Amino acid sequence: MKGAGTDEAAIIKVLAHRTIAQRQRIKLAYKQTVGKDLAEDLSSELSGHFQSVVLGLLMPVPVYDAYELKAAMKVRGLWLYVEIHIFHVYFPFCNFLLMAEYGKTLEDAVCGDTSGMFQRVLVSLLTAGRDESDKVDEALAVKDAKDIFEAGEARWGTDEVKFLTVLCVRNRNHLLRVFDEYKKISKRDIEDSIKREMSGSLEDVFLAIVKCLRSKPAFFAERLYKSMKGLGTTDSVLIRIMVSRAEIDMLDIKEHFLKMYGKSLHSFIKGDTSGDYRKILLELCGGE
């Protein structure tokens with residue numbers, strides 16, 4: 001960044017090939033040796049989507065999520081709420097950051113930005129009350145499957161509360177058995193029944209829960225595909241997933257992407273982006 005112009009290649013070479021922990025140490029060392037804030041300097045040097053990726057990489061995970069949640073509050077970002085509620089359990093820290101920076105807790109934001117059963121599902125997920133064991137209660141799994149069937153396909157109308165009670169509370173292994181039992185009882189996949197029984201945001205959040213329980217990498221592969229297919233790119237989604245999953249499960253996401261769509265994630269990004277933005281995303285993605 002020194003002098004005229006910016007060496008974007010050097011910025012990419014360093015930041016895209018370090019862990020989150022290492023980048024925090026780089027930020028500290030930069031302040032100690034240069035006497036300035038690295039993020040502020042990069043923000044003034046860069047612009048556009050490339051800037052967004054670089055600044056995202058410099059944030060610790062809870063800070064990045066708090067920042068993204070703030071953006072979701074402005075634009076009613078359904079999917080961002082869903083992703084963060086499902087995947088992260090450090091809500092006390094996230095809440096602290098939101099209160100300190102934006103004067104609003106996560107639950108305040110959810111309740112002010114959503115309504116009805118969709119709001120109730122998000123608040124339930126927000127409590128992080130899901131059973132974290134791997135125990136499967138076979139008798140309860142059969143009962144849960146019957147309860148969901150009777151709350152939806154077997155009646156006129158839908159008892160969404162029963163879906164909430166099962167899908168937001170039971171552990172992953174147990175729910176996978178519930179889904180198997182449900183298919184035996186209803187002759188339909190649980191996802192198909194959710195699509196038949198619900199609509200809008202509520203359908204989206206329950207489908208996201210089921211898909212995530214089955215395979216997080218497949219869920220993110222689908223989100224990345226939808227962010228790039230057709231005309232235009234939903235860059236906010238593309239950036240958020242590439243930044244937040246780069247050192248968690250990117251290899252698995254790439255594998256599922258290729259299996260699901262017959263084309264590599266690398267080639268999709270290459271064909272849908274350009275410039276330094278493309279370069280840093282491809283580095284985060286890794287090779288073909």
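Q: Is the crossing of H15 and H18 left-handed or right-handed?
A: In this predicted model, the axes of helix H15 (residues 216-228) and helix H18 (residues 265-272) come within 10 Å. The crossing of these two helices is left-handed.

Q: Are H15 and H18 roughly parallel or roughly perpendicular to each other?
A: The axes of H15 and H18 cross at roughly 25°. Angles under 35 degrees count as roughly parallel. H15 and H18 are therefore roughly parallel to each other.

Q: Which residues of H18 make the contact with H15?
A: On the H15 side, the contact is made by Leu224, Tyr225 and Met228. By class, the contact of H15 with H18 has six nonpolar, no polar and one charged residues. The residues of H18 are Leu265, Phe268, Ile269 and Asp272.

Q: Are H12 and H14 roughly parallel or roughly perpendicular to each other?
A: The axes of helix H12 (residues 172-186) and helix H14 (residues 200-214) come within 10 Å and cross at roughly 110°. Angles of 65 to 115 degrees count as roughly perpendicular. H12 and H14 are therefore roughly perpendicular.

Q: Which residues in H14 meet H12?
A: From H12, the residues involved are Arg172, Leu175, Leu176 and Phe179. By class, this contact has five nonpolar, no polar and two charged residues. Those in H14 are Val210, Leu213 and Arg214.

Q: How many residues has the largest nonpolar core?
A: Those with the most contacts inside this core are Leu42, Val53, Leu224, Met242, Leu265 and Ile269. Met242 touches residues including Leu224, Leu265 and Ile269. The largest nonpolar core has 41 residues.

Terms used. Residues are numbered from 1 along each chain as its sequence is written. This is a predicted model: local features need pLDDT of at least 70, side-chain atom pairs count only at pLDDT 80 or more; totals for chains, interfaces and linings use all residues. Side-chain values use heavy atoms; hydrogens and water are left out. A nonpolar core is a set of buried Ala, Val, Leu, Ile, Met, Phe, Trp, Tyr and Cys residues joined through side-chain atoms within 4.5 Å. Buried means under 20% relative accessible area, exposed over 50%, partly exposed in between (1.4 Å probe, protein chains only). Contact means heavy atoms within 4.5 Å. Axes are lines fitted to C-alpha atoms, for helices over the stretch in contact, and angles run from 0 to 180 degrees between N-to-C directions. Helices (H or I, at least four residues) and strands (E, at least two) are DSSP runs, numbered from the N terminus. Angles under 35 degrees count as roughly parallel, over 145 as roughly antiparallel, 65 to 115 as roughly perpendicular and the rest as oblique. Ala, Val, Leu, Ile, Met, Phe, Trp, Tyr, Cys and Pro count as nonpolar, Asp, Glu, Lys and Arg as charged, and the others, Gly among them, as polar. A crossing is left-handed if the near helix is turned anticlockwise from the far one by less than a right angle, and right-handed if clockwise. Lists of a residue's contacts leave out its neighbours within four places in sequence.
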